Amino acid sequence: MRNPTDRVTINLGFDPERSYSDGYKSKSITRAWRRLSSLQRTVIIAAMCVFGMCVFYLAPVFRWESMGREGRMLPRNMPNQPVDMLPPDVLQNVADELEKQRVEERRKAVHEIQDVLVPEEKVEEPNVADSPLKFDTHKDQEQAQKEVVAKLANHQIEVDRSADPRRKFEAVVDYDYFSANRRNNPQQLEIIEAFQECWSAYKKYAWGHDEFHPITKKWSEWFGVGLTIVDSLDTAIIMGLKKEYDEGREFVAKDLRFDKDQDVNLFEITIRVLGGLLSSYHLTGDEIFKEKA
């Protein structure tokens with residue numbers, strides 16, 4: 001029978017002389033991080049990010065404060081004061097030094113460029129005092145205009161571009177775009193055929209409107225001025241399409257109106273409507289295009 005005072009010893013295999021504190025310390029930070037809640041982890045990460053951003057943005061300020069006077073490109077006698085508190089003579093000295101540096105850098109740059117560039121021969125153009133647009137009353141005006149155009153092409157005179165409201169520049173047409181003797185190569189004929197096909201489709205489904213949608217065969221308005229017609233007139237003239245040109249001119253003369261109170265895109269209305277009218281007038285000399293423009 002066992003005596004109640006007896007003791008039983010059980011050996012679990014641990015070395016009583018070994019210290020386990022080292023292994024515990026190596027895992028204490030990881031265990032502590034895992035024991036934190038998701039909110040606590042988020043707050044800590046956010047604080048670390050904010051601290052890193054502050055260091056990143058404030059580093060140039062500390063670097064500027066730690067730089068010497070020479071590093072800041074300031075005169076040696078400048079006192080440590082804010083710029084708005086400095087005396088005028090000191091500010092003037094700073095401005096003079098900066099201006100000297102700019103002048104020296106500009107001089108070096110010009111010198112380097114001159115070493116690279118090859119001097120070009122100067123061509124003196126004759127300057128005619130009289131405006132080439134003032135014709136002799138004893139000459140035929142059309143012949144005088146042709147002489148002016150020929151001289152301009154040969155760079156024999158210089159055009160007086162002074163703003164004079166009395167000056168009038170008339171279109172000089174010396175080429176017949178609709179001549180029956182005109183010949184086109186195969187590539188030009190294919191382009192003309194494509195233009196005629198597009199023009200006929202627009203005339204059938206969207207005549208007088210700004211835009212034509214070929215897939216749906218519907219039209220839409222942008223400014224309400226027959227934008228496609230006006231914009232395509234000069235192309236039809238250059239291609240020598242008399243029929244299409246006559247149709248477009250009739251629309252411009254009878255149906256093109258600008259007495260509308262609406263907002264328009266200044267860029268589009270200028271290059272497509274005003275530009276189309278002026279180019280058509282330049283190519284044909286028809287006064288109706290100039291009046292509309």
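What percentage of the 293 residues of the protein chain count as buried? In this predicted model, 19% of the residues fall in that class, where buried means under 20% relative accessible area, exposed means over 50%, and partly exposed lies in between, with a 1.4 Å probe and protein chains only. The model is a prediction in which local features need pLDDT of at least 70 and side-chain atom pairs count only at pLDDT 80 or more, while totals for chains, interfaces and linings use all residues. Residues are numbered from 1 along each chain as its sequence is written, and side-chain values use heavy atoms, with hydrogens and water left out.

The protein chain contains 10 helices and two strands, which follow one another from the N terminus in the order α-α-α-α-α-α-β-β-α-α-α-α; these elements are DSSP runs numbered from the N terminus, a helix being H or I over at least four residues and a strand being E over at least two. Of the contacts (heavy atoms within 4.5 Å) between residues at least 6 apart in sequence, 55% join residues at least 24 apart. The protein chain exposes about 23,900 Å², of which carbon and sulfur atoms supply 55%; such accessible areas come from the Shrake-Rupley method with a 1.4 Å probe, and for residues only the protein chains shown count as cover.

A nonpolar core is a set of buried Ala, Val, Leu, Ile, Met, Phe, Trp, Tyr and Cys residues joined through side-chain atoms within 4.5 Å. The largest such core has 27 residues, and V225, V252, L256, V273, L277 and F289 touch the most other members. Two or more residues each are given to this core by α6 (186–206), α7 (227–239), α8 (242–254), α9 (266–284) and α10 (287–292), and the largest share, seven residues, comes from α7. When residues up to four places away in sequence are not counted, F289 touches L233, Y245, R249, V252, L277, S280, Y281 and T284.

The count of salt bridges comes to 10, a salt bridge being a side-chain nitrogen of Lys or Arg within 4 Å of a carboxyl oxygen of Asp or Glu. In helix α8, K242 and D246 lie four residues apart, about one turn of the helix, and their side chains meet in a salt bridge at 3.5 Å, N to O. E247 and K243 also form a salt bridge, at 3.0 Å, N to O, and they too are four residues apart in helix α8; E247 is buried, with a relative accessible area of 13%, whereas K243 is exposed at 52%. K203, K243 and E247 are linked in a network of salt bridges. A further salt bridge joins D286 and R249, whose closest N and O atoms are 2.4 Å apart. This pair links distant parts of the chain, with D286 in the loop between α9 and α10 and R249 in helix α8, 37 residues apart. D286 is buried at 18% relative accessible area, while R249 is partly exposed at 28%.

On the surface, W33, I44, I45 and M48 form a nonpolar patch with about 380 Å² of accessible area together; patches are made of residues with over 30% relative accessible area and no salt bridge, like charges being joined within 9 Å and nonpolar side chains (Val, Leu, Ile, Met, Phe, Trp, Tyr) within 5 Å. The largest share of this patch, three residues, comes from helix α3 (residues 38–66). M48 is found in helix α3 and is exposed, with a relative accessible area of 58%.
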